[in-house]
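Try each task before you read its solution.

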Amino acid sequence: MTLILGIESSCDETAAAVVADGRSILSNVIASQVDIHRRYGGVFPEVASRQHVLSILPVIEEALAGAGVELRAGSPHAGGGTAPNGGLDAIAVTRGPGLAGSLLVGVNVAKGLALASGLPLVGINHIEAHIYGNWLVEAPPPEFPLVCLVVSGGHTELILMTGHGQYQRLGGTLDDAAGEAFDKVGRLLGLPYPGGPAIQEAAAAGSATAFKLPRAWLPGTYDFSFSGLKTAVLRIVQKYEPQASGGPKSKPRTVSSQMPPLVRVLPVANLAASFQAAVVDVLVEKTCQAAEEFGAQIVLLAGGVAANTLLRQEMSRRSPLPVRYPPADLCTDNAAIIASAGYYRYEAGERAGWDMDVNPGLRLVARPTPGPEDPEGTPKKA
Amino acid sequence: MPVLDQDTLDFISHSPAQTRRVGARLGALVRSGDLICLEGELGTGKTRLAQGIGLGMGVVEPITSPTFTLISEYHPPRPVPTLFHIDVYRLDDPVHEAMAFGLDDYLDDGVCVIEWAERIKPILPAERLWITLRHLDANKRGIMMQANGPRSQELLAAFRQSAFGV
């Protein structure tokens, strides 16, 4: 049994977990900052870093205790300790992408623990870890090749995976990430942060066909675009609420006493349902197309937006292939997925040096090719 | 082409694609130390214009919204300077937070394009090219560029020459 301690601090969750053989969770501890960031309507980087510093050691201690392991090298069978499951095999930590200040906390703590314990260290790409959330599902491991849709606040990527650590990027967003579109539209509709769950909840009481919203199909590519959809929602909101500026600090509506009360109340539920349906429609359609074109064995969903119920339902309904997604608590940021990805990297012989640095813009696959250009062509350099 | 004065240029983009081409013309003219501030409500094309600036600088990878990460860095082929694409939309106390995350360091060291720049106006250097975007209809956007200092006057003049030939 190979035991990996995973550490995650890329954004607004401080997390640690112990996972056995990349697939079975022994402990999974998360200190969420959502309540702290909710009042800012988003992640507040300096606050995030300070909170990580405060939370990270207690979180790691709790994860170790919960898994019944000690922070030392050694298999369960090696003597010397008192913990029921013995020592660990390696420490895996997120090194990017994410907020630089937040990533630094996790990476430096992981280095310190590795130095003190003699355990090997493995640096993990956060996006890759989200894909590995699907290996933590109790079922036979996913078969290659597979297509995975990674959708979160900062990412929307369609990935072809042909083996462990073997990725090809089929496409991604050209502007806003899907989760970012949920957050921004949530704010336009006056819903609380984070926008994803709030829109899903509001949409439950609405009609997905109430508003005809645009879908950017970008034919011939596996790319996505959500900024036009966001703007379309803004235009509708403005018709109801003349003061809605869409700015970060929309003022509360004030109605002059001379004016009659507003008769047109913003149909939040219908707008939320129509918006959600438009996002899901494009995500599902393009993922199914990619899975067919590349002969995938299975379709995986990963990332925070993969917790969206409509996305799960529609992907399962419309894909001819099996569809898998992690349970909701493994879709959002956590360290079990870091430990799982870390296991497969560790087994492949990867070890990080002491010079390992954070990389806030780390990509899963290098992106040498430009996005699709306008048919009108790009201007020549002056 | 309405010219208000030598330091102001006000014109209309008829499509997102045109907004991007406008950006690309500007991007071909920038140099290290230039600061371009973008102001305009959601959906006016700030990110689109920034994508064009990157294109004009020779950035080959897709430029996406930096709202989530605050700052995205792009490295065009040498000797073109680094592009820092910054978005202060999410900051609650933008002025203090922007100082805390070290905005100054970026300003010295490449080309900075800042979305929602009006939120941190008090801490921005005086020398800057200020671009205001506004909705005219579903596709049309008003684009107003204002130079505030010798370098941005030079940049605006070069852009005017490149885009409009005057």
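A residue counts as buried when its relative accessible area is under 20%, and as exposed when that value is over 50%. Keep in mind that this is a predicted model.

**Exercise 1. Cysteines**

Task: Find how many disulfides the whole structure holds, over all chains. Then decide whether C112(B) is buried or exposed.

Solution: 
- Step 1. Searching the whole structure gives zero disulfides. C288(A), for instance, takes part in none, and the nearest cysteine sulfur, in C148(A), is 13 Å away.
- Step 2. Turn to chain B. From the sulfur of C112(B), the closest cysteine sulfur is that of C37(B), at 9.1 Å, so the two are too far apart for a bond.
- Step 3. Now apply the burial cut-off. C112(B) has 0% relative accessibility and therefore counts as buried. C288(A) is buried too, because its relative accessibility is 15%.

**Exercise 2. A strand and its two partners**

Task: Describe how strand 7 of chain A (residues 156–163) is covered, and how it pairs with strand 6 and with strand 8.

Solution: 
- Step 1. Check the cover: of the eight residues in strand 7 of chain A, seven are buried.
- Step 2. Look at strand 6 of chain A, residues 146–151, which runs antiparallel to strand 7 and is joined to it by six bridges. Within this pairing, V147(A) has L160(A) as its bridge partner. Four residues lie between the two strands, which form a hairpin.
- Step 3. Move on to strand 8 of chain A, residues 166–172. Its pairing with strand 7 is also antiparallel, over six bridges. Here M161(A) is opposite Y167(A).
- Step 4. Inspect the turn of this second hairpin. Two residues separate strands 7 and 8 of chain A, and G165(A) in the turn has a positive phi of about 75°.

**Exercise 3. Chain A as a whole**

Task: Collect the element counts, the buried share and the accessible surface of chain A.

Solution: 
- Step 1. Count the elements: chain A has 11 helices and 10 strands.
- Step 2. Work out burial: 56% of its 382 residues count as buried.
- Step 3. Finish with contacts in chain A between residues at least 6 apart in sequence: 71% of them join residues at least 24 apart.

Key
Residues are numbered from 1 along each chain as its sequence is written. Chains are lettered from A and ligands numbered from 1 in the order in which they are written. This is a predicted model: local features need pLDDT of at least 70, side-chain atom pairs count only at pLDDT 80 or more; totals for chains, interfaces and linings use all residues. Side-chain values use heavy atoms; hydrogens and water are left out. A disulfide is a pair of cysteine sulfur atoms within 2.5 Å. Buried means under 20% relative accessible area, exposed over 50%, partly exposed in between (1.4 Å probe, protein chains only). Two strands pair if DSSP finds at least two bridges between them. Contact means heavy atoms within 4.5 Å. Accessible areas come from the Shrake-Rupley method with a 1.4 Å probe; for residues, only the protein chains shown count as cover.
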